[in-house]
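Subject: Structure handover

Hello,

Please find the structure below. My notes on it follow.

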Amino acid sequence: EFCHRLKQTLLKHGLTLTPTQADQFVTYWIGLKRWNSQLNLTAIRDDQEIIVKHFLDSLSALQYFSIKSGDSVIDIGTGAGFPGIPIKIYIPDIQLVLVESSLKKVSFLRFLLAQLGKHAQSDASVSWTPVRTIAQRAEECAKQSQHIDAYNWVLTRYVASLEGSIIYCLPLLKQDGTWIAYKSCNVPSEIQTALPKLQSLGGRIQSTINSHITELNRIYVAIRN
């Protein structure tokens with residue numbers, strides 16, 4: 001039942017799943033429900049809301065940004081894996097790094113990724129590359145040479161402000177990379193507040209895009225060096 005609803009909801013927005021991808025999303029859902037009772041991974045408990053507000057929301061950026069096979073992607077403050085893991089399921093050979101300071105959440109992520117990897121290995125057509133999980137604050141990650149200027153895409157989908165995130169997101173971008181900030185409200189004022197710091201560090205707002213999926217109330221801010 002969950003799998004059917006998932007596929008129908010995503011298909012309505014032009015996102016089709018292979019059988020392996022559908023199995024991986026069901027595994028994600030089961031793990032999320034099971035671990036959530038212990039760790040409070042997400043306040044969203046309803047199955048349809050998990051589909052829309054976590055899985056569809058994570059994937060919705062793909063309708064506007066061309067994340068491609070082989071691209072390097074870092075998800076800052078990923079929490080329970082959003083948006084990075086759904087995007088990884090959909091594009092299995094991106095080079096994904098997940099950054100999360102909560103050790104308990106990182107334990108969940110590593111357990112989940114092991115399960116998802118087993119599904120991928122059972123399908124010879126899937127080029128699933130390993131996912132790296134980093135259990136530290138983004139501020140520390142952004143100071144390490146291996147991460148500076150290293151990523152095609154930086155993803156953020158949390159409540160921290162643009163202004164507060166610039167200092168550790170901008171340094172991670174390759175010269176032609178893009179930081180996608182998932183936002184939902186007060187975006188013009190948030191951008192205005194962030195602009196002085198953004199410009200002082202050599203960044204610029206490339207675009208702001210309103211998702212056409214009304215139930216998401218989602219705006220993407222794309223930032224480049």
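**Notes on the model**

D149 sits in the loop between α6 (138-141) and β4; helices (H or I, at least four residues) and strands (E, at least two) are DSSP runs, numbered from the N terminus. This is a predicted model, in which local features need pLDDT of at least 70 and side-chain atom pairs count only at pLDDT 80 or more, while totals for chains, interfaces and linings use all residues. Residues are numbered from 1 along each chain as its sequence is written, and side-chain values use heavy atoms, with hydrogens and water left out.

**Backbone**

D149 is not a glycine, yet its phi is positive, at about 55°. D149 counts as exposed because its relative accessibility is 51% (buried means under 20% relative accessible area, exposed over 50%, partly exposed in between, with a 1.4 Å probe and protein chains only). N40, in the loop between α2 and α3, is also a residue other than glycine with a positive phi, near 55°. The peptide bond between F82 and P83 is cis, with omega about 5°. P83 is in the loop between β1 and α4. For reference, most residues other than glycine have a negative phi, and most peptide bonds are trans.

**Sheet**

Seven strands form an open sheet with mixed pairing, in the order β3-β2-β1-β4-β5-β7-β6; two strands pair if DSSP finds at least two bridges between them. β3 (132-134) and β6 (204-210) are the edge strands, each pairing on one side only. From one strand to the next the twist averages 20°.

Strand β1 is mostly covered, with five of its five residues buried. S72, I74 and I76 point one way from β1, and V73 and D75 point the other way. β1 runs parallel to β2 (residues 95-99), to which five bridges connect it; I76 is opposite V99 there. β4 (residues 151-156) and β5 (residues 173-183) are also parallel and are joined by five bridges. L155 has I180 of β5 as its bridge partner.

Helix α8 (residues 187-200) packs on the sheet and touches β5, β6 and β7 (219-224). The direction of α8 makes about 165° with that of β6 (axes are lines fitted to C-alpha atoms, for helices over the stretch in contact, and angles run from 0 to 180 degrees between N-to-C directions).

**Cores**

A nonpolar core here is a set of buried Ala, Val, Leu, Ile, Met, Phe, Trp, Tyr and Cys residues joined through side-chain atoms within 4.5 Å. The largest one has 51 residues, and F55, I85 and I87 have the most contacts inside it. With neighbours within four places in sequence left aside, I85 is in contact (heavy atoms within 4.5 Å) with Y28, L96, L98, L109, L112, L113 and L116. Another core lies apart from that one and has 27 residues, including C141, L172, A181 and V187.

**Rings**

The whole structure contains eleven aromatic pairs. Rings of Phe, Tyr and Trp (its six-membered ring) pair if their centres lie within 6.5 Å; planes under 30 degrees apart count as stacked, over 60 as edge-to-face and the rest as tilted. F25 and F55 make a tilted pair, 4.9 Å centre to centre with 55° between the planes. This pair links helix α2 (residues 19-39), which holds F25, to helix α3 (residues 47-60), which holds F55, across 30 residues. F25 counts as buried because its relative accessibility is 0%, and F55 is buried with a relative accessible area of 0%.

Y28 and F82 are stacked, at 5.2 Å centre to centre and 10° between the planes. They are 54 residues apart, with Y28 in helix α2 and F82 in the loop between β1 (72-76) and α4 (84-90). Both are buried. Elsewhere, ring pairs link Y64, F65, W153, Y182 and Y220 into a cluster.

K88 lies over the face of W128, 4.9 Å from the ring centre; the criterion is NZ of Lys or CZ of Arg within 6 Å of the ring centre and within 35 degrees of the ring normal.

**Two loop residues**

G79 is in the loop between β1 and α4 and is buried, with a relative accessible area of 11%. Beyond four places in sequence, G79 contacts E100, K105 and L109. G79 and E100 are 21 residues apart in sequence and 6.1 Å apart in space, C-alpha to C-alpha.

H13 is in the loop between α1 (2-11) and α2. H13 is buried, at 14% relative accessible area, and touches L56, Q63, H212, I213 and E215, not counting residues up to four places away in sequence.

Regards
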